[in-house]
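I opened this structure for the first time today and kept notes as I went. The entries below record what I looked up, in the order in which I looked.

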Amino acid sequence: MIKKISKIPFKGTPEQEAELKKVIEANLGDPGAVMPVLQGAQDIYGYLPIEVQKIVADGLGMPLEEVYGVATFYSQFALSPKGEYAISVCLGTACYVKGAAKILETLSEQLGIGAEECTEDGKFSISACRCIGACGLAPVMTINDEVYGRLETKDVEGILKQYK
């Protein structure tokens, strides 16, 4: 899966940057520092925009390309911010066979964003995942901690209305 870079402008604060620099300082000298530093950065900012990756690269004295490579390789890292309502559509085998791709397509059309993107107002984000462990309810999506199963494309609009 290719991760998309956010179109939403980065809005980091000086306090967040100071906190990140403390995380970097605590991990300096550790040969595997990039992973815990990126995890800390994501905890601080909620995602890893290129501006944050540059701070990490400079702080650890490593090429930005290497930091970017780690951030894009591991699924735990996000390059786009998550919305107030984070929607995840399961594309695991059971869900996919039962029409999850159409659910994802319908969500994208109704929200005007694709997978791994966030609406400009920061209200909704969509991600595609491999399995959420609710195969008996396929196809399934979650919005934050709420699970919606046995979905049909006609259900999507009504579900979204609950959050608008």
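**Ground rules.** I am working with a predicted model, in which local features need pLDDT of at least 70 and side-chain atom pairs count only at pLDDT 80 or more, while totals for chains, interfaces and linings use all residues. Residues are numbered from 1 along each chain as its sequence is written, and side-chain values use heavy atoms, with hydrogens and water left out.

**Helix 2.** I took helices and strands as DSSP runs numbered from the N terminus (helices H or I, at least four residues; strands E, at least two). Helix 2 has 12 residues and reaches 16 Å from its first C-alpha to its last, close to the 16 Å expected at 1.5 Å a residue, where the expected span is 1.5 Å times one less than the number of residues. I then listed its buried residues, among them Val34, Val37, Leu38 and Ile44; buried means under 20% relative accessible area, exposed over 50%, and partly exposed in between, with a 1.4 Å probe and protein chains only. The cover over these buried residues includes helix 1, helix 3 and helix 4, counting as contact heavy atoms within 4.5 Å. Gly46 follows helix 2 and has a positive phi, near 90°.

**Helix 3.** In helix 3 (residues 50-60) I found Val52, Gln53, Ile55, Val56, Ala57 and Leu60 to be buried, and these residues pack against helix 1 (14-27), helix 2 (34-45) and helix 4 (64-73). Just after helix 3, Gly61 takes a positive phi of about 65°.

**Strand 3.** How many of the residues of strand 3 (residues 124-129) are buried? Six of the six are, so strand 3 is largely enclosed by the rest of the structure. Phe124, Ile126 and Ala128 are buried on one side, and Ser125, Ser127 and Cys129 on the other. I next checked pairing, for which DSSP must find at least two bridges between two strands. Strand 1 (residues 85-90) runs parallel to strand 3 and is joined to it by six bridges, with Val89 partnered by Ala128. Strand 2 (residues 117-118) runs antiparallel to strand 3, with two bridges, and Glu117 stands opposite Ile126. The hairpin of strand 2 and strand 3 has five residues between the strands, and there Gly122 takes a positive phi near 75°.

**Salt bridges.** I searched the whole structure and noted three salt bridges, each being a side-chain nitrogen of Lys or Arg within 4 Å of a carboxyl oxygen of Asp or Glu. Lys21 and Glu17 meet at 3.1 Å, N to O, and both lie in helix 1, four residues apart, about one turn of the helix. An α-helix has 3.6 residues a turn, so residues three or four places apart point the same way. Lys161 and Glu157 form another, with their closest N and O atoms 4.0 Å apart, and they too are four residues apart, in helix 7 (residues 153-161). Glu152 and Lys154 form a salt bridge at 3.8 Å between the closest N and O atoms; Glu152 is partly exposed at 44% relative accessible area, whereas Lys154 is exposed at 63%.
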